[in-house]
Amino acid sequence: MKRLMVFALLLSVFCCAFESPSWAAQTKMTRRQYKKNLAYNKNALPAGWQYEAGYTLWRVQRNLPSNIHTYRKYKRDRTWRNNMHRKHRTEEIALDTLDWTAEEVALFWQNYQELFKFHPSGVED
């Protein structure tokens, strides 16, 4: 009986030692799997995020440290700015006109003079 118990104990130790359990048999993540996980995992940061040029410039302009929180703030700010320009195109064009010189403004008024005349409703020319 003792021999059977010792044999069972040795067999169980042998099985546990030489069979790889599922939790220990995880392979190294491939580059493709890493990129796929980035798309689905909001908390994962891309490799080398500390050295991204846009992030570094944004951070230096605001005198902020380089950490996960400021990087996420940078990403939100960049997304907001991209959406602002996409959704407010007329305002962007109007703001660009502030950089015009006096000659350009005079030429614009000459070419598009008819567009800016006041036409009240109910009055015929």
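## Arg78 and its salt bridge

Arg78 is partly exposed, because its relative accessibility is 34%. In this predicted model, Arg78 pairs with Glu52 in a salt bridge. Their closest N and O atoms are 3.6 Å apart. The bridge links distant parts of the chain. Arg78 belongs to helix H4, while Glu52 sits in the loop between helix H2 (31-40) and H3. The two are 26 residues apart. Glu52 has a relative accessible area of 23%, so Glu52 also counts as partly exposed.

Side chains of opposite charge can pair when their charged atoms come close. The structure holds three such salt bridges. The other contacts described next involve Asp77.

Asp77 meets Arg62 in a salt bridge, at 3.6 Å from N to O. This pair also links distant parts of the chain: Asp77 is in helix H4 and Arg62 in helix H3, 15 residues apart. Is Asp77 buried or exposed? At 18% relative accessibility, Asp77 counts as buried, because the cut-off for buried is under 20%. Arg62 is partly exposed, at 35% relative accessibility.

Arg81 counts as partly exposed, at 37% relative accessibility. Through shared partners, the salt bridges join Arg62, Asp77 and Arg81 into one network.

## The overall fold

The protein chain has six helices and zero strands. From the N terminus on, its elements run α-α-α-α-α-α. The chain has 125 residues, and 7% of them are buried.

Helix H3 covers residues 53-62. Which of its residues are buried? They are Tyr55, Trp58 and Arg59. Seen down the axis of H3, the buried residues fall within an arc of 95°, so they line one face of the helix.

The other side of H3 carries exposed residues: Ala53, Leu57, Val60 and Gln61. Asn63 follows the helix. Its phi is positive, near 55°.

A pair of aromatic rings is described by the distance of the centres and the angle of the planes. A search of the whole structure finds seven aromatic pairs. One of them joins Tyr55 and Tyr71. Their ring centres are 5.1 Å apart and their planes stand at 80°, so the pair is edge-to-face. Tyr55 lies in helix H3 and Tyr71 in helix H4 (residues 68-87), so the pair ties together parts that are 16 residues apart in sequence. Tyr55 is buried, because its relative accessibility is 0%. Tyr71 is buried too, with a relative accessible area of 2%.

Tyr55 also forms an aromatic pair with Tyr74. This pair is tilted: 5.6 Å centre to centre, with 55° between the planes. Tyr74 lies in helix H4 and Tyr55 in helix H3, so the contact ties together parts that are 19 residues apart in sequence. Both Tyr55 and Tyr74 are buried.

Which residues do the ring pairs link into a cluster? They are Trp49, Tyr55, Trp58, Tyr71 and Tyr74. Two of these residues, Tyr55 and Trp58, are among the buried residues of H3.

Arg59 is itself buried.

## A nonpolar patch on the surface

Val105, Trp109, Tyr112, Leu115 and Phe116 form a nonpolar patch on the surface. Together they have about 530 Å² of accessible area. Phe116 is placed in the segment after helix H6 (102-111). Phe116 counts as partly exposed, because its relative accessibility is 45%.

Notes. Residues numbered from 1 in each chain as written. Predicted model: local features only at pLDDT ≥ 70, side-chain atom pairs only at ≥ 80, totals over all residues. Heavy atoms only, no water. Buried < 20%, exposed > 50% of the residue type's maximum accessible area, 1.4 Å probe, protein only. Helix = DSSP H or I, 4+ residues; strand = E, 2+ residues; numbered from the N terminus. Arc of directions from axis to C-beta. Patch = residues over 30% accessible without salt bridge, like charges linked within 9 Å, V, L, I, M, F, W, Y side chains within 5 Å. Areas by Shrake-Rupley, 256 points an atom, 1.4 Å probe, with all protein chains shown as cover. Salt bridge = Lys/Arg side-chain N within 4 Å of Asp/Glu carboxyl O. Phe/Tyr/Trp six-rings, centres within 6.5 Å; stacked < 30°, edge-to-face > 60°.
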